[in-house]
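Here are some notes to read alongside the model. Have a look at it first, then work through the points.

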Amino acid sequence: MNKLGTKRIETERLILRPFEAEDAEAMYRNWASDPEVTKYLTWETHKSTEDSKAILSDWLAHYGEGDFFQWAIELKEIGEPVGSIGVVNFDESISAVEVGYCMSRAYWGQGIMPEALTAVMNFLFEEVSAERITAKHDVRNPKSGRVMQKVGMREVGRDIAVNHRGSVEVICYAALRRDRE
Ligand SMILES: CC(C)(COP(=O)(O)OP(=O)(O)OC[C@H]1O[C@@H](n2cnc3c(N)ncnc32)[C@H](O)[C@@H]1OP(=O)(O)O)[C@@H](O)C(=O)NCCC(=O)NCCS
């Protein structure tokens, strides 16, 4: 795979870009402090902007690495990030990546994550040369499955995974580059 790292991507309504340290306040306010957003995620709800600053400082330290992909989803209309999308697993041996995402409840239901994920998948397939892109969601979180369906992933089965609440049943989705050709 081509280790291109987190390149800026623009879509109709969004700018996908690397996070900056200054995004901590918007991250905390818009999504990381909301227990409804983090309910099915691997990380716990942030208790203060210090938690958001800490994770951003960790991500910023990785931006020089070509296999690190973590985009801020900036809504052009308001000029600040409303969520994040990134690669949570990069398996070079089979050119496979797994993606994960989350965003502010105030903007749910407007097709923003399908727009972001479509752009990220195009980038990962066409520029990074990934052969397979996967994602998975807690069985109790079907709205995330809707995003996967809308971008053309197909359900491949069930599994067990760990989130911040412990071991959970998940539904797995995948898309293959060869199916697009
Ligand atoms: C899952 C998530 C990313 C969806 O993003 P989105 O931009 O709202 O996606 P869509 O607009 O395509 O909506 C997807 C589904 O969410 C549900 N939904 C829409 N608006 C909603 C709202 N206001 N409240 C609750 N659910 C809503 C609907 O089931 C919708 O599917 P439909 O279009 O077939 O009706 C977003 O809900 C989120 O960030 N959730 C919390 C974090 C999370 O679960 N991340 C994924 C972990 S696997």
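1. How many helices and strands are there in the chain? The chain has five helices and eight strands, counted as DSSP runs numbered from the N terminus (H or I, at least four residues, for helices; E, at least two, for strands). Starting at the N terminus, the order is β-β-α-α-α-β-β-β-α-β-α-β-β.

2. Before going further, two housekeeping points. This is a predicted model: local features need pLDDT of at least 70, side-chain atom pairs count only at pLDDT 80 or more, and totals for chains, interfaces and linings use all residues. Residues are numbered from 1 along each chain as its sequence is written.

3. Along its principal axes, the C-alpha trace spans about 45 × 35 × 30 Å. Contacts here mean C-beta atoms, placed from the backbone, within 7 Å. Of those with a separation of 6 or more, 63% join residues 24 or more positions apart.

4. Now the ligand. Its shell holds 20 residues, with C102, W108, G109, M113 and K143 coming nearest; the criterion is a C-beta atom, placed from the backbone, within 6 Å. Helix α5 (142-150) gives the largest share, five residues. β5 (96-103) and α4 also supply at least two residues each.

5. What does A116 touch, leaving out residues up to four places away in sequence? Its partners are L14, L16, I73, I85 and Y101.

Methods:
Two residues are in contact if their C-beta atoms, placed from the backbone, lie within 7 Å.
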